[in-house]
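Here is a short briefing on one protein model. It covers annotated sites, helix packing and backbone geometry.

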Amino acid sequence: MKVLVINCGSSSLKYQLIDMTNERVMAKGLVERIGIEGSVLKHEIEGKDKVLIQQPMENHKVALSLVLDALVDEKHGAIKDMSEIAAVGHRVVHGGEKFSGSVIINDEVIKALEECIDLAPLHNPPNLMGITACKELMPNVPMVGVFDTAFHQTMPKSSYIYPLPYELYEKYGIRKYGFHGTSHRYVSQRAAEILGRDIKNLKIVTCHLGNGASLAAINGGKSVDTSMGFTPLEGLAMGTRSGDIDPAIVTFIMEKENLDIEGMNNLLNKKSGVLGISGVSSDFRDIEAAAKEGNERAQLALDKFNIRVKKYIAAYAAVMGGVDVVVFTAGLGENSPSNREEICKGLEFMGIQIDPAKNNVRGKETIISTDEAKVKVLVVPTNEELMIARDTQELLK
């Protein structure tokens, strides 16, 4: 079975074509600037040079049509014709409380996703655009939706309910949903495989650390808590997101700075986090470079990020009554030995101890804890696309 994995953003479309007989990525690529001047398709096929296709793409249907053309192109295609694509797996950000797992997409599912738009106004509409485009261009190919929120639906109510008037939960669904679920699920399962352990017997804290970042407490293979909440704004200090702050700060700043709701939302989501503290960048590589040159605010931003991650690791160990494994993944988690070291420093009392030599690795599956450490610490590169393809294959067997 060959599965096409689609991940649509508001002006982008990422894709991978995966042969599930051996889980080989046959082709992958990225369409950028959909509906904006300068649209471009970057197409990469196994064993061949990258291809750049620049032409106007007014919507996701046009972009997807170009992707499909690229996949069957005589020179840089991966398949002979469209009939080789057995299914399409879609990344969908928000499934609300309606979906606790991946589902075959039908009209009822699409209606439910439309009802979740209020919960994810920036993400669900483009996800639905991708689904609609596939339905029009590939009407007979089955599709599966894989939700970022689904993995966290196993959280107990005490974890996901907010201390607000209960009727707000009943009326508007205001609760913790959590995100990055596909990533947390993949790396926790992979960590158990690497260790040769049954995940049902493990207490794992997964750290998905990138420009957007979250942690999850995974007990026996099930998410019991996670740092992102009603939206991806809660939790860690991220690239441009504030994460946890005193909620009274919001109204205080709005009054002092004369900001409306849109302005305050923009400040919290796009001007805060490590960018706001450092004044340098939202890219951790730039911040690390500035810190090495003596920039005190850049170092402060790194310190703030690291201590937030450290606090959540310790908190989730308490939630689960212990921890057996800590996993680092995503852009920063996979590629920054210094951040991993700083995060784990001070957690020796929990049995966490990093081996500096083993930790000197980027983007590679490895155990970085000392041999005698009680808690195993791993680096596991995430692979959400493969997880989506696996779910798609499993549902359509």
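At which residues does UniProt place the feature "binding site" (unreviewed entry)? The record gives Asn7 and Glu384. UniProt positions follow the numbering used here, feature names are shortened, and annotations may be inferred rather than shown by experiment.

This is a predicted model: local features need pLDDT of at least 70, side-chain atom pairs count only at pLDDT 80 or more, and totals for chains, interfaces and linings use all residues. Residues are numbered from 1 along each chain as its sequence is written, and side-chain values use heavy atoms, with hydrogens and water left out.

**Annotated sites**

- Asn7 sits in strand β1 (residues 2–8). Helices (H or I, at least four residues) and strands (E, at least two) are DSSP runs, numbered from the N terminus.
- Asn7 is buried, at 14% relative accessibility. Buried means under 20% relative accessible area, exposed over 50%, and partly exposed in between (1.4 Å probe, protein chains only).
- Asn7 touches Ser12, Leu13, Lys14 and Arg91, leaving aside residues up to four places away in sequence. Contact means heavy atoms within 4.5 Å.
- Glu384 belongs to helix α15 (residues 384–396). With residues up to four places away in sequence not counted, Glu384 touches Thr182 and Ser183.
- Arg91 lies in strand β6 (residues 85–92).
- Arg91 is partly exposed, with a relative accessible area of 22%.
- The contacts of Arg91 are Ile6, Asn7, Asn127, Val146, Asp148 and Ile388, again not counting residues up to four places away in sequence.

**Helices α6 and α15**

- Two packed helices are described by the angle between their axes and the distance between the axes.
- The α6 and α15 axes cross at roughly 90° and come within 9 Å. Axes are lines fitted to C-alpha atoms, for helices over the stretch in contact, and angles run from 0 to 180 degrees between N-to-C directions.
- α6 and α15 are therefore roughly perpendicular to each other. Angles of 65 to 115 degrees count as roughly perpendicular, under 35 as roughly parallel, over 145 as roughly antiparallel and the rest as oblique.
- From α6, Thr182, Ser183, Arg185, Tyr186 and Gln189 take part. They meet Glu384, Leu386, Met387, Ile388, Arg390 and Asp391 in α15.
- By class, the contact of α6 with α15 has 4 nonpolar, 3 polar and 4 charged residues. Ala, Val, Leu, Ile, Met, Phe, Trp, Tyr, Cys and Pro count as nonpolar, Asp, Glu, Lys and Arg as charged, and the others, Gly among them, as polar.

**Helices α2 and α3**

- Helix α2 (residues 107–115) packs on helix α3 (residues 124–137) at about 155°, with axes 10 Å apart. That makes α2 roughly antiparallel to α3.
- Asp107, Ile110, Leu113 and Glu114 in α2 meet Asn124, Leu128, Ile131 and Lys135 in α3. These residues divide into 4 nonpolar, 1 polar and 3 charged.

**Positive phi**

- His180 is a residue other than glycine with a positive phi, near 60°. His180 lies in the loop between α5 (166–172) and α6 (181–195), and is buried at 12% relative accessible area.
- Ala330, also other than glycine, has a positive phi near 75°. Ala330 is found in helix α12 (residues 330–335) and counts as buried, at 7% relative accessibility.
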